[in-house]
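I set down what I looked up, in order.

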Amino acid sequence: MPEHRMTIHLPPLGSLLRQAGRPLLESTLIPLGLFWILFNHVGFDAGLFAALGWSAAAICSRLVLRKRLPAILLISTALLVVRTVVGYWSGSAFLYFIQPTAQNFVFALMLLLTIGFDRPLLAKLADDFCVFPEALTGHPRIKHFFRRVSVLWAMVFLVNGATTLAVLATQTVGDYLMVSTAGSYTVVAMGIGLSLWWFHRSLAGEGIRLRIGAPAAA
């Protein structure tokens, strides 16, 4: 078993969960919830602009407060603009929802294309959920890890895209939202679990330990 040569301390668990949960809420869950509520009680167009309005407000608030803009929020908002234009122009819920399904395949391709970069796209997205110290992100073994795990997440998005496409073609909008959301987050949760195990194994191979919370006072 390798000797532990370095211990890196991360923020407390509560802080980590808040940091990881906020980008997910901002970029995915709240826009989806607003669309569903307005779609059912007002109409399709209201749902479109409620979802887009939330994402725009989230970006503007961060700009006003001079806070860092998460990459996941910028990417999801840019894609949402395209979805909203197509959905409003066509008036078709099918065309509105088939776009994020197709975007799964596009995102998988982006992950694969950035594998050769010093910091692949997946490493930059990871910063939105947990900011690691430079001593860790600059480590050659960790850079190698993010290149390899990018392939795993490309597969996750490919599976997500194929699954949601099949559900969209056979279910109503309401059933699609429930089934595809549950299925997508199940696949993503499995990907996260496998990635964390792989990450821990990569660190252990270099004698690096992660500790939750600040180091004990001397």
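This is a predicted model: local features need pLDDT of at least 70, side-chain atom pairs count only at pLDDT 80 or more; totals for chains, interfaces and linings use all residues.

I next looked up burial along α4. Ala-93, Tyr-96, Phe-97, Gln-99, Thr-101, Gln-103, Asn-104, Phe-107, Ala-108 and Leu-111 are buried.

I then turned to the packing of α4, residues 93-113, with α7, residues 140-170. The two helices pack at an angle of about 160 degrees, and their axes lie 8 Å apart. The crossing of α4 past α7 is left-handed.

Which residues meet in this contact? From α4 I listed Phe-94, Phe-97, Ile-98, Thr-101, Asn-104, Phe-105, Phe-107, Ala-108, Leu-111 and Leu-112. From α7 I listed Ser-150, Val-151, Trp-153, Ala-154, Phe-157, Leu-158, Asn-160, Gly-161, Ala-162, Thr-164, Leu-165 and Leu-168. Sorted by class, the contact of α4 with α7 comprises 16 nonpolar and 6 polar residues, with no charged residues.

Last, I looked up Arg-62, which is placed in helix α2, residues 44-64. Is Arg-62 buried or exposed? Its relative accessible area is 9%, and the cut-off for burial is under 20%, so I recorded Arg-62 as buried. Setting aside neighbours within four places in sequence, I found Arg-62 in contact with Arg-22, Glu-26, Lys-67, Arg-68, Leu-69, Pro-70 and Leu-73.

Terms used. Residues are numbered from 1 along each chain as its sequence is written. Side-chain values use heavy atoms; hydrogens and water are left out. Axes are lines fitted to C-alpha atoms, for helices over the stretch in contact, and angles run from 0 to 180 degrees between N-to-C directions. Helices (H or I, at least four residues) and strands (E, at least two) are DSSP runs, numbered from the N terminus. A crossing is left-handed if the near helix is turned anticlockwise from the far one by less than a right angle, and right-handed if clockwise. Contact means heavy atoms within 4.5 Å. Ala, Val, Leu, Ile, Met, Phe, Trp, Tyr, Cys and Pro count as nonpolar, Asp, Glu, Lys and Arg as charged, and the others, Gly among them, as polar. Buried means under 20% relative accessible area, exposed over 50%, partly exposed in between (1.4 Å probe, protein chains only).
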